[in-house]
Amino acid sequence: MLLPLAAVAGFAIDGTRQVSLKQHLQHAVDAAVLAGARSFKTDFSTTLAESIARESFLANLSQAPNDATCAIDQVTADRTTLSVEIGASCSIPMTFGPGIMGSSEIGVSADAIAGARHKIADVAMVVDLSGSMSNAELADLKAAAKRAAEVIIGDQRAQGGRVALAPFASGVNAGDFGNLVTGRSSGDDPEGDNETRPHSVIERVCVTERTGPDTYTDAEPVAGNYVGSVITAADAITRGAAGSFVQPSETSCPDSPILPLVGDVATAKAAIDGLQRSSINNRSGTNTAGHMGIVWAWYLLSPNWTSVWTNTSFGGAADHAPHPYGDPNRPKVVILMTDGFFQFGFEEQFTGDNWAHETARPNNAARQYCENMRAAGITIYAIGYGTNTDAERVLRDCADDPSRFLTTNVSSELTGLYEQIARDFLGIGLIE
């Protein structure tokens, strides 16, 4: 009878040791993938993530039984999904050896995946499409913005952020939303500068700045308080008796309209891929109305504009609705990128008939917009590409934090800068 009793005792002892070893192994695997994924917050290197994961795995096996033999079966880091996966196994000698049980070892295995869980951030990217950006530089900008969209939105549904676009050159194309916020009907095109079908991707409704008591606010655009007007005459300057004037420039407003907040990576990347300057009369939009890109980024993030972005008659949708201000779990962020000094405006207080006015007014407006956006709780990052001292001064003022102002003279480095910003909105967690 001693043999069966010994077998039962052996089963009990080895079963307990197996459960304990499994727990140690799973803990080591979980800790390793978390450590590896955490490295994505400082560097997007898969080699580094895999190395850190391996080191963590070995370090966390210190509490395992001394007679356990463990190995990593696989470790894989994915730069696109920002995840790390590990599979590992361990074995320990059986209590009574193969003589009784028929086997000399007990084996256990464990696996885990951890990833950079994306915070639910709403991010508006202000992108410079002015003519000073060459085609090669524009291609690098698109690549950088698409990478930022991948990181910000992520591939974890209901866990990721959203991205909006506010492209600008010598103005902003608000698309059919431009008709809505200036009191016109959907699809209106008296300017004759686009196809008339509503919500077309090439619909161009180029708008001027807001004036009046709500000039520097994000107040809801309603009848009696609309946002600016639509540019109706190309390359003309009209002056009133008092010297006021408007500089329409529909031909250098981008073909690409604004994009309200979207939480789908493919949609965001397709819009970024499609960014293009004006195709009318072969105009490239050489002037830079960056203050308009900034304020439209604010509108895209503002809960006060929910009625605009959700208006289905003008191309809106419920998914475009901005979150309320003040939610610490849903930060609002603007990423402003430009390669030059702002020197173009439309309405009288934003432009002028001499160079001093042409440059001072849009830049001062940009500073005021940025200050009011930050007061509303919006974080601003500014990227200067090949900018001069004057331009960088405005960008620094907009960001109002040295760590949020970035600069480069090499367009291929833009992706790294956008990644650096996007990393600020990553958390780490187990996926499975």
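Tutor: The link of cysteine 206 and cysteine 253 is left-handed, with -95 degrees about the S-S bond. This is a predicted model, in which local features need pLDDT of at least 70 and side-chain atom pairs count only at pLDDT 80 or more, while totals for chains, interfaces and linings use all residues. Residues are numbered from 1 along each chain as its sequence is written, and side-chain values use heavy atoms, without hydrogens and water.

Student: Why is the pair of cysteine 206 and cysteine 253 called a disulfide?

Tutor: A disulfide is a pair of cysteine sulfur atoms within 2.5 Å. The S to S distance of cysteine 206 and cysteine 253 is 2.3 Å, so the pair qualifies.

Student: What makes cysteine 70 partly exposed, and what is cysteine 90, buried or exposed?

Tutor: Buried means under 20% relative accessible area, exposed over 50%, and partly exposed in between (1.4 Å probe, protein chains only). Cysteine 70 has 26% relative accessibility and therefore counts as partly exposed. Cysteine 90, with a relative accessible area of 4%, is buried.

Student: How do you know that cysteine 370 and cysteine 398 form a disulfide?

Tutor: Their sulfur atoms are 2.0 Å apart, so the pair of cysteine 370 and cysteine 398 meets the cut-off. The link is right-handed, with 75 degrees about the S-S bond.

Student: Why are cysteine 370 and cysteine 398 called buried?

Tutor: Cysteine 370 has a relative accessible area of 1% and is therefore buried. Cysteine 398 stands at 0% relative accessibility, so it also counts as buried.
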